[in-house]
Every structure is written in C-alpha cells, then in structure tokens.
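Keep the viewer open as you read.

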Amino acid sequence: MQSAQDIALADILARPTRARVLDTPIPIDALPTPALLLDEARFERNVSKMARYLNGRNKGFRPHAKTHKCPLISARQMAAGAVGVCAAKVSEAAVLVHAGISDVLITSPIVSAQKAELIADLARRARVDIVVDSNDGLDVLLDALPAQAQLGVLIDVDVSMGRTGTRSEARMLELATRISDDPRTRFRGIQHYAGQVMHIEGYAARRERSLTLWESVAGSVALLTREGFPCEVVTGAGTGTYNIDSDVEVITDLQVGSYIFMDQEYLLIGGAESERFDDFEVALSVASSAISQPLPTAITVDGGFKAFASDSVNPEPMDLAGARFRFGGDEHGILLLEKGTQQPLLGSVQRFVTPHCDPTVNLYDAYWVHRDGMVHAQWPVAARGCSW
C-alpha cells in the first residue's frame, strides 16, 4: 500500500528536470507575465566569482539548492568546483539525486521514519549526508538503514539562532560517539548556520557578530577533536558573510545560496566598501506588465503577492528611475511614479528585483533564461514546493 509520502514523491519525480530550448529566441516583452527571469550571463559570472574567491582562500563552497530549486543550476555549480550541494529538506534532496546530482547534504534534521527510509534509499544512489541534533533523530535514521548502508552524518550545532541544532556539549559528544560506533554511519563533522547574521546591516557589525559566533563553534571543533572525533567537514555561513567567514580557520566550506541571483534584501545590507552589497550582480528578476492607470502618478502591474515573496522589503523597479513599488493585493502591484518622470505605456513589461529570491522562486514553475534581452530557454524549478 502506497503511503502519502510515496504518492508525493512520485509526483515530484515525474517533473521535468532538463532545459527546454526554444526553437526561436523571443524578446522578454513577449512573455506571459508575471514571469521569472534569469540573466544567464550574470548568473554565470556570479557562479565563477564565488568559486574563484573561495578557492583563493582555500575554502570549498557547498551551495544551497533551497535558493533555486533547480538541478540544472546545481549541476553548473558542481561543474564550477562545488564540493557538493545542500538541500533544506528530504524532498529537495530526492529531486536533486533523481536528476543526477552526486553529492547532497540535507541541512535540516528529521525525526520521521518515512523520511529516514527515503534517505536510506537516496544514500544508495548518491553520496548523501544529513545533520542530526538529537538522539531521537539519530534513532530513526539508524532504524531505517540497511546493513550495508553508508550515510554521512554531521552534528548540527546552534550558538544563538534557536532554530535547529544542539547547544549541549554532552549531547554533541554522545551523538558523535553513536555515529562513529555504527558501521552504517560515518561522522563527518559539524554544521553551524547563523541565518540571523546574514542580513545584519553594515559590514563591520555583521563581521563582528559572525566571527564571535564562529569562535564558539571553533571551541566545539576542538572539543570533538580532543575526544577522538576529528571534523572532516565544518560547514555553514552564507552569502551575507561569505567574505567574513572565509577568514575563519576551522571552516571547510560555505553554504552560499543567494549570491547566484541577489535580491533586494541582500542589496540593502551594505558591502565591505559600499553602502549596497553589490559584490554580485542581480541575475534574477520578475517581469510584470502595466495593465491599468487609475491615477496620473500610479500605474498598476499584474504582479502582486502571488508573483513576489516578501517578508521585509518590496520589489525594486529596474526600468523606471525613481519609481517605487507597493503591493496592491494578491494579483497586483502599484508603481508609484515621481512627477515629471517617464510614464510607462499600458502593456509595457517592467522588470523588478525580487525582494527575497528563495521564496519568490518557489512561486514559479520555470525560469525564462535570457541573454541580451532574448529568451532562449526554460529551466524547470523542479523542486518547487518541496518543503517536506
């Protein structure tokens, strides 16, 4: 008898994962809107820039697929030298492995027996690692693993975020012992992710906070090493601290995600030498059409909360200098125009920087991939909605 998870898994694995190349490129303004756009040249430069930067500091990068949910993008990151990729959830990992991604770290702990069985299956087909932060979570994994299994396990360590991870040294050592003692599991090291630090405004404040947290993690690494559990992997960090945490000696690789796209939340945090965090180019945008103008200084576009995901800021207009966006409901947005500025024509397509790239991507089935203003392919967002 099929379980609900089996049904859900079959549905997501039936989705396309390959690029659809258009017979004839089309201009962006010929797309049905709202549409998710990916500037391929900017995306490629972002991938290369991060790889070069971290390679120059002898750090690996393990980019997070929760940002893009697209195996085609993970494959390009692996080709650029990534040591592996991250998946936030088991269903994301299943899509990646099904599409041929060979090294996946699941960055959220589980306590579900069904998910543990799926992880055991994935580990037979690819190198799959997962984090644990409790004996309960480790128990369900061990119960699901067959005799010949080989599963890498990291301990998720929390310092101050309070989301997942253990703060107990005793539990950390107990988990390391249990992982090492079972021939089916291999102790790989530590994960520490401080998401609350990524968007601290001001480079100096962000640096101080991040390095302080990593000092505590370094103490955990030293303790594990003294007790006979050397850490092959110490992973974490993110886009907002890539040029901070790459100075931390104990870190082996960084779980950078949003750098490939950039969004308004990241642009506003400030860079090391500028008021805007412009280390990477804006490669992701949403195209939306002007459909109405009830007021002389405002025009309505066909993208609202169903086109943009935001938990703090609004989309940023890319094509109209001085214009501001405000949400007008689920289906609509309002472009507020300064007096004397260009008036967009009804029917014109306007592009916007996404407020928060990860959940915005999750609203769409595919990227429209373009170069020099011409769309030449669709890349499926194969792991859309994979939140289990």
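Let's begin with the sheet: eight strands form an open sheet in the order E3-E10-E9-E8-E7-E6-E5-E4, and their pairing is parallel. The strands at the edges are E3 (60-61) and E4, each with a single partner strand, so one side of each has no neighbour in the sheet. Please bear in mind that this is a predicted model.

**Inside the sheet**
- Strand E8 (residues 185-192) and strand E9 (residues 233-236) run parallel and are joined by four bridges.
- To see one of these pairings for yourself, find Gly189, whose bridge partner in E9 is Val233.

**Helix H4 and its cover**
- The buried residues of H4 are Val90, Ser91, Glu92, Ala93, Ala94, Val95, Leu96 and Val97.
- Just after H4 comes Gly100, which takes a positive phi of about 105 degrees.

**A look at Ala144**
- You will find Ala144 in helix H6 (residues 135-144).
- Which residues does Ala144 contact, leaving aside its neighbours within four places in sequence? They are Ala116, Glu117 and Ala120.
- Ala144 and Ala283 are 139 residues apart along the chain, and 41 Å separates their C-alpha atoms.

**The chain as a whole**
- In secondary structure, the protein chain has eleven helices and 18 strands.
- The radius of gyration is 22 Å, close to the 21 Å that the globule rule gives for 388 residues, so the chain is as compact as a globular protein of that length.
- Of the 388 residues, 54% count as buried.
- Among contacts with a separation of 6 or more, 68% come from residues 24 or more positions apart.

**Surface and charge**
- The accessible surface of the protein chain is about 16500 Å², and carbon and sulfur atoms account for 49% of that.
- There are 37 positive and 48 negative side chains in the protein chain.
- The centres of these two sets of charges lie 2 Å apart.

Notes:
Residues numbered from 1 in each chain as written. Predicted model: local features only at pLDDT ≥ 70, side-chain atom pairs only at ≥ 80, totals over all residues. Heavy atoms only, no water. Helix = DSSP H or I, 4+ residues; strand = E, 2+ residues; numbered from the N terminus. Rg over C-alpha atoms; globule rule 2.2 N^0.38 Å. Buried < 20%, exposed > 50% of the residue type's maximum accessible area, 1.4 Å probe, protein only. Contact = heavy atoms within 4.5 Å. Areas by Shrake-Rupley, 256 points an atom, 1.4 Å probe, with all protein chains shown as cover. Lys, Arg positive; Asp, Glu negative; His and termini not counted. Charge placed at Lys NZ, Arg CZ, Asp CG, Glu CD. Pairing = 2+ DSSP bridges.
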